[in-house]
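The entries follow in the order in which I looked things up.

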Amino acid sequence: MFVTLKSQPEGIIFGQRLRELRTARGLSQTALADLCGSNHPFISELERGVKVPSLTMILRLAQALECRVYELVSVFDEHRETRPSPDAV
């Protein structure tokens, strides 16, 4: 039996950023998982946008990647600036 997991738009954006930071630091998904107390399948799901991390996991990922939390989530500010606001008509 196969389970189809649906990606979430926020997850895809976060996952792309996570992959960029991980590969820039020369880490495999398994190495990153070990550093943040997770597992390889979960990191893979994050990078594919299937899962969205909790605040605790974002903090662990930032520590494992030796970056600020802002570096992981600033991508959302960039995407918000390019989309029209819901109040604009």
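**Surface and overall make-up**

I looked up the accessible surface first: the protein exposes about 6200 Å², of which carbon and sulfur atoms supply 54%. I note that the model is predicted. Of the 89 residues of the protein, I find that 36% count as buried.

For secondary structure I recorded five helices and zero strands, and the pattern along the sequence reads α-α-α-α-α. I then turned to contacts with a separation of 6 or more, and residues 24 or more positions apart account for 62% of them.

**Helices α2 and α4**

I examined helix α2 (residues 29-36) against helix α4 (residues 55-64); their axes come within 8 Å and cross at roughly 115 degrees. The crossing of the two helices is right-handed. On the α2 side I list Leu-32, Leu-35 and Cys-36 as making the contact, and on the α4 side Met-57, Arg-60, Leu-61 and Ala-64. By class, these contact residues divide into six nonpolar, no polar and one charged.

**Ser-7**

I located Ser-7 in the segment before α1 (9-24).

Leaving aside neighbours within four places in sequence, I find Ser-7 in contact with Ile-12, Arg-48, Gly-49 and Val-50. For Gly-49 I also noted the separation from Ser-7: 42 residues in sequence, but 4.9 Å in space, C-alpha to C-alpha.

Definitions and conventions. Residues numbered from 1 in each chain as written. Predicted model: local features only at pLDDT ≥ 70, side-chain atom pairs only at ≥ 80, totals over all residues. Heavy atoms only, no water. Axes fitted to C-alpha atoms, helices over the stretch in contact; angles between N-to-C directions. Helix = DSSP H or I, 4+ residues; strand = E, 2+ residues; numbered from the N terminus. Left-handed = near helix turned anticlockwise from the far one by under 90°. Contact = heavy atoms within 4.5 Å. Nonpolar A, V, L, I, M, F, W, Y, C, P; charged D, E, K, R; others polar. Buried < 20%, exposed > 50% of the residue type's maximum accessible area, 1.4 Å probe, protein only. Areas by Shrake-Rupley, 256 points an atom, 1.4 Å probe, with all protein chains shown as cover.
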